[in-house]
Amino acid sequence: MTTPAPIRARIPAVGLCGPRPGPLVTAPGPAGPSRAAPGAHAPLDPTAGAARRHRKDARTMTRIDWGYAASTGLEFTRDDIVAAHFAACAEDYLAALRGVGIAPGWRVLDAGCGGGSFLPCLAEAVGPDGWLAAVDLAPENVAASARRALPVTFRRPPDIRHGDLLALPYPDDSFDAVWCANTTQYLDDAELRRALVEMRRVVRPGGLVAVKDLDASLIAVRPGDPFAFADFFRLASAQGDGYARRLLRTRELRRHLAEAGLAEVRQRTTVIEHFAPMPAPVRRFYGLACARIAQLALAHGVRGDWHRLTDPDAPGHPLRDPLGYVSEGNTTAVGVVPPA
């Protein structure tokens, strides 16, 4: 494979606590086909951007336009909404990453890196003797990741590129671990198996493949019907919407990793909970996400008190209630690459 001429961009290195002067990061240009999912901001319009693959059917929920698509057309992958989600859940997300077992000096691939929100924590985990690579489907997310400030000066510059989870642009045994966060929701079962086989291929025997994703069955907003969101996703899934079905598939990750040939697979599901008074990042992301789902529910005639969620700034919004509550589920599955 011919390596494209690198693009060199000076970025400041930043620890998780603040900025300091930093190194050059090399970001190879686009290479090959792509199938990777995501990853400051103008107002978040869910319908802005490129044309979507999915269009709403007026009678059923088989082709829902979920919104917030990047240039790829994949829903909820635009960097502004991805960054807002990360900011709302950073503590829990980073705890999941730290629980994987990535060690200093390791070579790690962030598969489906989005705008690079996990890269600073990965950099701290591997240290200056380690190495990072990252791939994503959306060119604008790749560019954002290349600009991402890192807290470590590596001896070998990070490799951040446009990539394909179904055909990763790396030789066998290139990494000690792969981290894949909030990405499998964009892959159907066959694609997920192919992606996991690819992750296994590029990791050395004894290395780790770690996959984290959202479990929509544990989304709840209170005060209000605690099952409204889970019921909405189940209804959309039953009527044929693939994205809804995949957001309900997450706790099957352990089985998918095992079927892809990974050994010693462990899995943990946690409920990320936010209680009033909620910090601004929490109100921002969940207010926008809940508003979009409420709009879809109303458009498709789904029963429930959805109107109260359509305006995140309304005084009566549940997230502004003195006893307000919002939750989501996250599942992390980790497998070991067996000997050849």
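**Figure 1. The whole chain, from its surface to its elements.** The accessible surface of the chain comes to about 14300 Å², and carbon and sulfur atoms hold 55% of that area. Accessible areas here come from the Shrake-Rupley method with a 1.4 Å probe, and for residues only the protein chains shown count as cover. What you are looking at is a predicted model, in which local features need pLDDT of at least 70 and side-chain atom pairs count only at pLDDT 80 or more, while totals for chains, interfaces and linings use all residues. Residues are numbered from 1 along each chain as its sequence is written, and side-chain values use heavy atoms, with hydrogens and water left out. Of the 340 residues in the chain, 56% are buried (buried means under 20% relative accessible area, exposed over 50%, and partly exposed in between, with a 1.4 Å probe and protein chains only). The secondary structure comes to eight helices and eleven strands; these are DSSP runs numbered from the N terminus, with helices being H or I of at least four residues and strands E of at least two.

Figure 2. Follow the strands across in the order 7-6-5-8-9-11-10, and you will find mixed pairing. Strand 7 (159–162) and strand 10 each have a single partner strand, so they stand at the edges with one side left without a neighbour in the sheet. From one strand to the next, the twist averages 15 degrees. Angles run from 0 to 180 degrees between N-to-C directions, with axes fitted as lines to C-alpha atoms, for helices over the stretch in contact. Two strands pair if DSSP finds at least two bridges between them. Strand 8 (residues 175–181) and strand 9 run parallel and are joined by six bridges, with F175 opposite V203 in strand 9.

**Figure 3. Strand 11 and its two partners.** How many of the residues of strand 11 (residues 325–336) are buried? The count is twelve of twelve. One side presents Y325, S327, G329, T331, A333 and G335, the other V326, E328, N330, T332, V334 and V336, and both faces are covered. Strand 9 (residues 203–222) pairs with strand 11 in the antiparallel sense over eleven bridges; look for R222, whose bridge partner in strand 11 is Y325. Strand 10 (residues 263–275) also runs antiparallel to strand 11, joined to it by eleven bridges. Here T270 stands opposite N330 of strand 11.

**Figure 4. Two helices lying across the strands.** Helix 3 (residues 139–147) lies across strand 6 (131–136) and strand 7, at about 170 degrees to strand 7. Helix 8 (residues 280–299) lies across strand 9, strand 10 and strand 11, and runs at about 95 degrees to strand 11. With 20 residues, helix 8 reaches 28 Å from its first C-alpha to its last, close to the 28 Å expected at 1.5 Å a residue (the expected span is 1.5 Å times one less than the number of residues). After helix 8 comes G301, with a positive phi near 70 degrees.

Figure 5. P279 sits in the loop between strand 10 and helix 8. Its relative accessibility is 48%, so P279 counts as partly exposed. Now find A88: P279 and A88 are 191 residues apart in sequence, yet 8.3 Å apart in space, C-alpha to C-alpha.

Figure 6. The structure holds 16 aromatic pairs. Rings of Phe, Tyr and Trp (its six-membered ring) pair if their centres lie within 6.5 Å; planes under 30 degrees apart count as stacked, over 60 as edge-to-face and the rest as tilted. W66 and F233 are stacked, at 5.5 Å centre to centre with 10 degrees between the planes. W66 lies in the loop between strand 4 (24–28) and helix 1 (79–98) and F233 in helix 5 (residues 228–238), so the pair ties together parts 167 residues apart in sequence. Both W66 and F233 are buried. By contrast, F285 and Y286 form an edge-to-face pair, because their planes stand at 75 degrees, with ring centres 5.0 Å apart. One aromatic cluster is formed by W66, Y186, F229, F232, F233, Y243 and W306.

**Figure 7. The buried residues of helix 5.** Which residues of helix 5 are buried? They are A228, F229, A230, F232, F233, A236 and S237. These buried residues pack against strand 9, helix 6 (242–247) and helix 8, where contact means heavy atoms within 4.5 Å. Just after helix 5, G240 takes a positive phi of about 110 degrees.
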